[in-house]
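Visitor: I would like to learn how to read helix packing and a metal site in a model. Please start with the terms.

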Amino acid sequence: LASTQNQAHRVLTRARLATLAGGAPYGLIEEGALAIEGERIAWIGEEKALPERYLDWPSESLEGRLVTPALVDCHSHIVYGGSRDKEFELRLEGASYEEIARAGGGIRSTVAATRAASEDALLAAALPRVDALLAEGLGTLEIKSGYGLDLESEAKMLRVARRIGEVRSLRVVTTFLGAHALPPEYEGRADAYIDFMAEEVLPALAAEGLVDAVDAFCEKIAFSAGQVARVFEVAKALNLPVKLHAEQLSDQGGAAMAASFGALSSDHLEYLSEAGVAAMAKAGSVAVLLPGAFYFLRETKLPPLAALRAAGVPLALASDCNPGSSPLTSLLLTMNMGATLFRMTPEECLAAVTREGARALGLERDIGTLEVGKRADLAVWDLAEPAELTYRMGFNPLARRIFGGKG
Ligand SMILES: [Zn+2]
C-alpha cells in the first residue's frame with residue numbers, strides 16, 4: 001500500500017468506492033478506480049471505464065478495500081484545559097450537584113483551567129484527542145472556543161485550534177462560541193456579557209482572522225434566543241455564518257431563530273418542535289445530532305428523526321467532544337450511537353459524518369463526497385461493506401488516510 005503515496009498524480013484501482021454522491025446505496029461503485037491529481041480527485045468511476053490518459057499514471061491496487069470520503073467532525077469543543085473525570089467519579093459515588101459544585105466541578109472548572117493554561121499546554125492536551133479522531137480517518141475538524149469567555153482566553157483557544165491545523169494534516173474550521181456560558185465575573189449580568197461578546201470580542205477575533213463561524217448555547221441554563229440573536233446580528237454584519245446549540249434540554253425556539261439567520265446548522269435538537277423542523281427545512285439548516293452527549297447524560301427524549309426526515313432536513317452526526325457532557329473522540333462510535341440510540345440507518349450514519357458534516361460546515365462543494373473536482377480527502381478501510389463502519393463497536397478498521405492527495 002505504500003508504493004505511490006507521495007506521487008502528485010496516481011490512480012487507485014480495485015477499490016470499492018462509497019462515494020456518497022447519489023445513485024446506488026452509499027453511492028457505491030464496485031470495481032472502482034479513482035485518479036488523484038495534486039490535491040483533487042481528477043476522475044472516478046468503474047475501473048473498466050478509466051480513460052486512456054490515466055493508463056500511464058502510477059497506479060496502486062487497493063485489493064478490494066472500501067474507500068469513503070475522509071470523515072468530518074462538524075461539532076467539537078476539543079480544545080480545553082483540565083479534566084472533569086473527578087466530577088464524573090464523584091457523581092457516580094453519589095455526590096449531589098451542590099457537593100460537585102463545591103468541589104470545583106461543572107463548566108466553570110473548565111473555564112478556570114482553560115484560562116490558566118498556556119497556549120502550548122492547551123495544544124499538548126488537545127493533540128492526543130485529535131490524534132484519536134485522525135486514526136479513524138478524520139479529514140476535517142470543527143473546533144469551538146467557549147471556555148475562555150473573555151477576549152484573551154477566547155483568542156487563545158482559537159489560536160490553538162488554528163495551530164492544530166498546522167501541526168497535523170487536517171483541515172480545522174474554527175467557531176467562536178463566546179455565548180456558551182456566563183463567566184463568574186458577569187454573574188447576574190447576562191445582557192452586559194452578551195453586549196461585550198457581540199460588540200467587542202467577536203469583532204476583535206474576526207479581525208484577527210480567527211473566526212470561521214459563530215455559535216451560541218441557547219438554553220434556560222445559558223442564553224435566550226433574543227440574547228443569541230444580538231450576537232448573530234454582529235456575525236451577519238461581519239459576513240460570518242452562524243450555527244446554534246438548540247433545543248437540547250428544552251424548547252427555546254432557538255433553531256427557528258437561527259434559521260432566520262440562514263444558520264448552517266442547529267445542533268442537539270432533542271426538544272425541537274414541528275415549527276422548528278419546518279424553519280430548518282426552509283432555511284436549509286443541517287440537523288447536527290450529538291449522540292455522545294445524549295448517551296453520557298443518559299437522556300431519554302429523542303430528537304424528532306421522523307419529522308426531520310419527512311421535511312428533508314439533512315442529518316449530520318458529530319462527536320461534540322467536550323469534557324463535561326461528551327468526552328468522546330471516536331466518530332465510528334458516534335456512528336454506532338446514531339444507529340443504536342437514534343435508529344439512524346448505517347447509510348445515514350456514514351453520510352452524517354461525511355457529506356452532511358461537510359454541509360454543516362458550508363464545505364459541501366469542496367469535501368464530503370467522492371466526486372471529480374473535490375479534494376482527495378479519503379479514508380481507506382480494511383473492509384468491503386460500508387455498513388460495518390456503523391455496526392461494530394470499539395473496532396478501528398482504518399487502513400490509510402489520504403489528505404489532499406497525500407498519504
Ligand atoms: Zn457542543
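Guide: A crossing is left-handed if the near helix is turned anticlockwise from the far one by less than a right angle, and right-handed if clockwise. Helices are DSSP runs of H or I with at least four residues, strands are runs of E with at least two, and both are numbered from the N terminus. This is a predicted model, in which local features need pLDDT of at least 70, side-chain atom pairs count only at pLDDT 80 or more, and totals for chains, interfaces and linings use all residues. Residues are numbered from 1 along each chain as its sequence is written, and side-chain values use heavy atoms, with hydrogens and water left out.

Visitor: In which hand does helix 4 pass helix 5, and at roughly what angle do their axes cross?

Guide: Two packed helices are described by the angle between their axes and the distance between the axes. Axes are lines fitted to C-alpha atoms, for helices over the stretch in contact, and angles run from 0 to 180 degrees between N-to-C directions. Helix 4 (residues 119–134) and helix 5 (residues 151–167) have axes that come within 10 Å and cross at roughly 50 degrees. The two are therefore oblique to each other; angles under 35 degrees count as roughly parallel, over 145 as roughly antiparallel, 65 to 115 as roughly perpendicular and the rest as oblique. The crossing of helix 4 with helix 5 is right-handed.

Visitor: Which residues of helix 4 and helix 5 meet?

Guide: Contact means heavy atoms within 4.5 Å. Among the residues that meet are Leu122, Leu123 and Val130 in helix 4 and Arg159, Val160 and Ile164 in helix 5.

Visitor: How are helix 6 and helix 7 oriented to each other?

Guide: The axes of helix 6 (residues 190–207) and helix 7 (residues 225–237) come within 10 Å and cross at roughly 10 degrees. Helix 6 and helix 7 are therefore roughly parallel. Their contact includes Ile194 and Leu202 of helix 6 and Val231 and Val234 of helix 7.

Visitor: Which residues coordinate the zinc ion?

Guide: Donors are N, O and S atoms within 2.8 Å of the metal (3.2 Å for Na, K and Ca); water is not among the atoms, so sites may look incomplete. Here His75 (NE2), His77 (NE2), His245 (NE2) and Asp320 (OD) coordinate the zinc ion at 2.0 to 2.4 Å. The spacing of these donor residues in sequence is H-x1-H-x167-H-x74-D. Histidine 75 lies in the loop between strand 6 (71–73) and helix 1 (85–92), and aspartate 320 in the loop between strand 13 (315–317) and helix 12 (331–342), so the pair ties together parts 245 residues apart in sequence.
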